[in-house]
Amino acid sequence: MSTLCPNCQQPVPGDSNPCPHCEGEANFLADSDVSRDDPLDQVVLKTDLHIDEALRSVEEEDFQAALRSLNRAVLDAPEDRLAECYSLRGYVYLKLEDYQRAEADCNEAISRYWPEAQTYAWRAAAHGEQDNWPRAFDDLATACDMAGDKRDQYLQLMDAYIETASEYYRQQIVSGKESADLFFDRGWVYFRAGRKAKAERDFQHALSFQPEHPQASLGMAGLKLESGQAAEALRLIEVVIDRADEETLIDALVIRTRANQKLGNARQVTSDLNQLKVLAAADVHRLLEIGKLRLSLGENARTVSDMTALIKRAPEMREALLIRGEAYLAIQDFMLAINDYSKYLRYVPDSLAARLQRGEAYLKTNQLERAIADFDRSLEIEPVCGQAYLGRSQVFVAMNRLDEALTECQKASRLDNQQAEVFGTLAEIYYQLCDYSRAVEEFVRAERLSDTKSRKAHFSYRRGNAYYQLNQLENSLKYFRKASRLDPNHAGAWIWKAQVCAKLEKWSKAILSLEQAIRSRPVATDTYQELGKPVAEKAIRHYARMEQRGSESDELYRSRGLAHQFLGNHPQAFEDFSQSLELTEDPDVRLRRAQCSIEMENLDQGLADLKRVLETDADNPAARYWRAIAYSKSGDPDRAISDIIKGIKQQANDPRYFRLHAELVGSKQEWTKAIRSLEQAIRLDPLDPVLFQQRGLALLETGNYGRAVSDFTRSLELSPGQTELLVGRGRAYAAEQNFDLAMADFEAALGQNHHCLEAYGERGAALAANGKGELALIWLTKALHRFSEPRQLAYLLFQRGKVFYRMGRAARAINDYCQALDRARDDRSMVCDIRLARSAALAQEEKWDEAIGDLRRVLKRHPDHQDAQQAIEWISQSDKSGNRPPLLSLPGELIRPLRPPQARQPIEVSANPELDAAPPFDMWLVRAADRKEYGPASLETLSRWVSEGRLGVNSQVLRSDWNQWKRVEKLFPELATEDFVESFPEIQTQTADPSQDDAQADVADVADV
């Protein structure tokens, strides 16, 4: 008899067992007479009673009694239990030999997303009993896929059914019922059963009866694809697509997608996947299959998007969680992957795949105890699971428990001796145990078993490390070279190659290797340059001595130019490359001279050299890359994008090209294209933190804040302590209204770097978004004294202006925007943003002509700016009662500025010209006796507060260009007189009461503060 877990409301067997769904404890009574007050609980309990009674009847083979119990269960069950009831009733009908009803009930259960493989097997039996063998074997194949490592029972069913199906078709042929359809059906059964030779024979028979038979052509195309003949499969499938009905068309498009993927036709793959999505719009099972297909093709971000939409449409489709979790794991969004796997395991606690993958995600996020728990549970589910032993070994390695790690990894290698990762882990353990010879042996096996170039490169690189430890430098250099050849983005291989070349005094090769390391990992440029500086300096001295001895050659100048270029001495490098070109024309040297010219902002010279290179070699991707950079610097993004696209076609394995494309399209606000390019770059180089940072920023622009948080977090894992990453993640948290986490990130950024400009600005914006506008103004005003560069001041004033506008104080916003414009003249992008913001504030003040002037200046730089165009059209209307365009949206409610409470009687104060400051520093903050802060206020307003008795001798003031507070009596001597202090002794100890504030604030205060 089953009871319900009080946590997840799923059935739990026994009286006090761990819940297999939520892993909680179901410590409550399970007797049928338990009192339940909730009507829903009573309904669920009745359903459980009926199901338990039916199961007992099934055990006793009293299927009529079981049917009666299940009929009552179907009537009483809540909606989320109906699928289970229909599935069991389908089995009972099968036993009662009512095959049509058995099929109907299994159909109903499956349509309600019942995730049990057994239901498909029962439906397969019902199909088989009705001689519908193709559908029977479709269902058995699906059951095998769903069962994973527990598929043996369904494979045995296939073996049993294949004999019956073969005999049925033989009798049909003997009786003279041969036809194309009959041969196709038998061929499909063989195809699903894995008997490919017989399947191909029958498909050929079908095509001989009816040339271009759609289903037979489809089957033949599938066989060709599985045998690696993608081009032949594509030819066959084109015939099918021209004649197919909708269902056959979907199957054909799936095969064409896989064939094009193998042939590298990426554009056609994307087109076919989009068409499949449209065709399957109403079929959630098809959408799930398309999600699996996208995942297998590496379209991980699209998979996430599609599965998210599917989960919203059909929450019961729990397998979508598993697919989305795997996609998150592939793009290294480990926390989101863990979340999906955990949800899935609540419903399917014995899913070996989910356990193993969640364990891997826990391992990647250093949650080692949780990882080991998942791997242990996997071994309970499947005691001979090699992947679980491997996971345990990797956890023990992370814990530095190497002996245990070695034992577990050896078990994994005995169970699966064809997995590269097993031997790679074994090699790492030997390496850490300083047994380098054994490590070399295992790295060799791991490399041989690897199926991708990047993995082969990694193991070759580690083999080079082991040889280096054995002091076999030539062998070491050989395998570092091999690693860098297999994976040009492997920074470690280039660095170690440079190290070995330096030891062998191969200076030019050492410099080239260091240069390539910088290209593959720009974030580590400073570190790599520091490592390579002694090598480059030695090389320069070496070539200088050779020149003094009268040795002049193009190779000498080229090599010395490389050393200068590495050190950033671009003028000297330019001279050396020029001398080399005078002796011998070399496109590579000319390309390097162009790079130096571009670095020195001599764009005309750089473009001229690149033109010469491309005239010689039109397919030179590096020339396209650098010309794109030159065009970008010269303000011609369209030509830059054209060049980098051509470069990508010629060099599709370099993440730098995709990163540059993302930057260029991002500058045009084409964020979706930028995200796609960054996804490709991350696929090529998943260890570059800059790529995750850039994708996080692009995701922020598209409103995908959850994924942006994940990307910034991943970037921080790869490059800890980067303040800009904390700021980016803080922005994403703030956009999600998660202000506590946002503030924590901004404060952490400022703790690392108190001159982080963006942290001040974004923290102020987050405070304003959280309804703390006055605090945001104070915060941004305090920040002004920390910065002196015009652009920095412009940024802070711009941010403060936006807060003023958000609070309905347009006049003060305009003042800050004007101050910001005066200081941001060299930053065209910021100038446009400020003019757009100022136009909204001017419109709020009904200064229409000035607002139009700002908008027209924006359009002069961005002619296609739709928001600006709409704003001008609206302002130009005589009747402005209609809806305002987005740019001119109304700010929040007018908020009366806070003033310090009255603390004493009014006094007369005299003007103090020494306190005057030039804008924007004529801004003051006040800290009253109650430690509350007020402002920002002008000197005129501050003086009025003093005269009104709002500041006592315990008050402090801060001007925005000061770095510390000052006592108010030092600035206003009237407060420091002995008579004044004796007349009002209570001000030394009283706590100011905000309720004493004068409710009748005059208009001047509202305007000035």
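Predicted model: local features only at pLDDT ≥ 70, side-chain atom pairs only at ≥ 80, totals over all residues.

Residues are numbered from 1 along each chain as its sequence is written, and side-chain values use heavy atoms, with hydrogens and water left out.

**Entry 1: the overall picture**

I started with the whole chain. The protein chain has 51 helices and six strands; these are DSSP runs numbered from the N terminus, with helices (H or I) of at least four residues and strands (E) of at least two. Its C-alpha atoms fill a box of roughly 120 × 95 × 70 Å, taken along the principal axes. I also looked up burial: 52% of the 1009 residues count as buried.

How many salt bridges does a search of the whole structure find? I got 64, where a salt bridge is a side-chain nitrogen of Lys or Arg within 4 Å of a carboxyl oxygen of Asp or Glu.

I picked glutamate 408 to follow up. Glutamate 408 forms a salt bridge with arginine 392, and the closest N and O atoms are 2.7 Å apart. Arginine 392 sits in helix H20 (residues 386-398) and glutamate 408 in helix H21 (residues 402-415), so this pair ties together parts that are 16 residues apart in sequence. Are glutamate 408 and arginine 392 buried or exposed? Both are buried, and for glutamate 408 I wrote down a relative accessible area of 7%.

Glutamate 408 has another partner, lysine 411, with the closest N and O atoms 3.5 Å apart. These two are three residues apart in helix H21, which means about one helical turn separates them. Lysine 411 counts as partly exposed, at 33% relative accessibility.

I then looked at glutamate 404, which forms a salt bridge with arginine 401; there the closest N and O atoms are 2.8 Å apart. Glutamate 404 is partly exposed, with a relative accessible area of 34%, and arginine 401 counts as partly exposed at 34% too.

**Entry 2: a network and a patch**

Further along, I found a network of salt bridges that links Glu585, Arg590, Arg593, Asp609 and Arg612.

Which residues form a positive surface patch? They are Lys538, Arg541, Arg545 and Arg549. I checked the rule for patches: they are made of residues with over 30% relative accessible area and no salt bridge, with like charges joined within 9 Å and nonpolar side chains (Val, Leu, Ile, Met, Phe, Trp, Tyr) within 5 Å. Lys and Arg count as positive, Asp and Glu as negative, and His and the chain ends are not counted. Arginine 545 lies in helix H28 (residues 525-548) and counts as partly exposed, at 40% relative accessibility.

From arginine 549 I took one distance across the model. Threonine 270 is found in helix H13 (residues 266-279) and counts as partly exposed, at 26% relative accessibility.

Next came helix H47 (residues 866-876), whose buried residues are Ala868, Ala871, Ile872, Trp874 and Ile875. Seen down the axis of H47, these fall within an arc of 165°, so they line one face of the helix; the arc is that of the directions from the helix axis to the C-beta atoms. On the other side of H47, I noted Gln866, Glu873 and Ser876 as exposed.

Glycine 935 and proline 936 are joined by a cis peptide bond, with omega about 0°. Proline 936 has its place in strand S4 (residues 933-937).

Where is asparagine 400? I found asparagine 400 in the loop between H20 and H21. Its phi is near 65°, a positive value in a residue other than glycine, and asparagine 400 counts as exposed at 55% relative accessibility.

Asparagine 471 also went into my notes: its phi is positive, about 65°, although it is not a glycine. Asparagine 471 lies in the loop between helix H24 (453-469) and helix H25 (473-486), and counts as exposed at 58% relative accessibility.

Methods. Buried < 20%, exposed > 50% of the residue type's maximum accessible area, 1.4 Å probe, protein only. Areas by Shrake-Rupley, 256 points an atom, 1.4 Å probe, with all protein chains shown as cover. Charge placed at Lys NZ, Arg CZ, Asp CG, Glu CD.
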